[in-house]
Amino acid sequence: MKTAIVTGAGSGIGAATARHFLDAGYNVALVGRREAPLQEVAADAERALVTPCDVTDPAAVDACFADVTDRFGRVDVLFNNAGVALPGTLIDEIAVEDWLNVVNVNLTGAFLCARAAFAQMRRQDPQGGRIINNGSISAYVPRPGSVPYTTTKHGITGLTRTLSLDGRPFNIACGQIDIGNALTEMARPMTKGVPQADGSIKVEAMMDPGDVAKSVLHMASLPLEANVQFMTVMASSMPFVGRG
């Protein structure tokens with residue numbers, strides 16, 4: 001039985017993905033800062049392990065991955081999903097502490113979790129596994145006033161490409177899912193209207209987070225001889241190529 005770790009598993013895309021992995025027969029470690037939402041997603045499933053963890057804390061991340069391997073014996077999949085965003089703000093109005101928080105969660109957190117997963121996948125027997133990073137459409141095109149979020153998501157693309165290369169000798173595959181307008185709490189303001197590149201405010205089309213979860217599960221289900229390097233899944237009529 002394969003084991004998956006999902007970060008940011010207490011809500012939104014992380015919660016939907018954790019449920020899909022459980023339904024598909026995986027052991028699933030649910031990682032997030034707050035235990036109560038993780039417990040709600042796990043719903044007392046036998047194959048679920050709730051592991052509250054701040055992904056910006058190196059010692060906590062290492063302890064979390066040790067707990068997972070103690071319980072399940074190995075790590076086959078990491079969905080590096082935890083992330084935060086700020087309201088649209090011009091760079092000179094962004095507080096440095098807000099910038100640091102977004103970078104710490106979105107980029108350093110992804111690095112720390114990938115680091116721990118890579119170490120385990122490299123030494124386990126049979127060797128190997130898969131890391132799937134949540135990149136976002138912002139890895140390609142920005143929204144107005146999104147310097148911290150967009151910068152971190154461009155950084156995730158660099159992490160994905162480098163891990164995909166460095167993992168080859170150890171049978172570790174790495175891919176990235178770039179998501180546009182899934183109806184999560186973070187994205188709910190888009191249903192009321194968000195700034196566009198031309199200065200207008202428009203309501204944008206949304207999709208169900210479960211459709212993203214199905215895509216992540218597809219990426220994870222491939223044999224390690226195959227890899228989805230980059231996948232974009234988005235609400236069909238949302239702005240994308242014309243954005244930014």
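How many nonpolar, polar and charged residues are there in the lining of the second largest pocket? By class, that lining comes out at 6 nonpolar, 3 polar and 4 charged residues. Keep in mind that this is a predicted model.

**The cavity**
- If you count cavities of 30 Å³ or more, the structure has 1.
- The largest cavity has a volume of about 40 Å³.
- Around the largest cavity you'll find Asn 80, Asn 81, Ala 82, Asn 106, Ala 110, Asn 134, Lys 153 and Ile 156 as lining residues.
- Sorted by class, the lining of the largest cavity has 3 nonpolar, 4 polar and 1 charged residues.
- Helices α4 and α5 (147–166) each put at least two residues into this lining.

**The nonpolar patch**
- On the surface, Ile 91, Val 96, Trp 99, Leu 100 and Val 147 make up a nonpolar patch, and together they have about 440 Å² of accessible area.
- Helix α4 (residues 96–123) gives the patch its largest share, with 3 residues.
- Trp 99, one of the patch residues, sits in helix α4.
- Is Trp 99 buried, partly exposed or exposed? Trp 99 counts as partly exposed because its relative accessibility is 30%, and the partly exposed class lies between under 20% for buried and over 50% for exposed.

Key: Residues numbered from 1 in each chain as written. Predicted model: local features only at pLDDT ≥ 70, side-chain atom pairs only at ≥ 80, totals over all residues. Heavy atoms only, no water. Nonpolar A, V, L, I, M, F, W, Y, C, P; charged D, E, K, R; others polar. Patch = residues over 30% accessible without salt bridge, like charges linked within 9 Å, V, L, I, M, F, W, Y side chains within 5 Å. Areas by Shrake-Rupley, 256 points an atom, 1.4 Å probe, with all protein chains shown as cover. Salt bridge = Lys/Arg side-chain N within 4 Å of Asp/Glu carboxyl O. Helix = DSSP H or I, 4+ residues; strand = E, 2+ residues; numbered from the N terminus. Buried < 20%, exposed > 50% of the residue type's maximum accessible area, 1.4 Å probe, protein only. 1 Å grid on protein atoms, 1.4 Å probe; cavity = no way out; pocket = protein on both sides within 12 Å on 5 of 7 lines; lining within 4 Å. Points joined across faces, edges and corners; volume = space filled by probe spheres on them.
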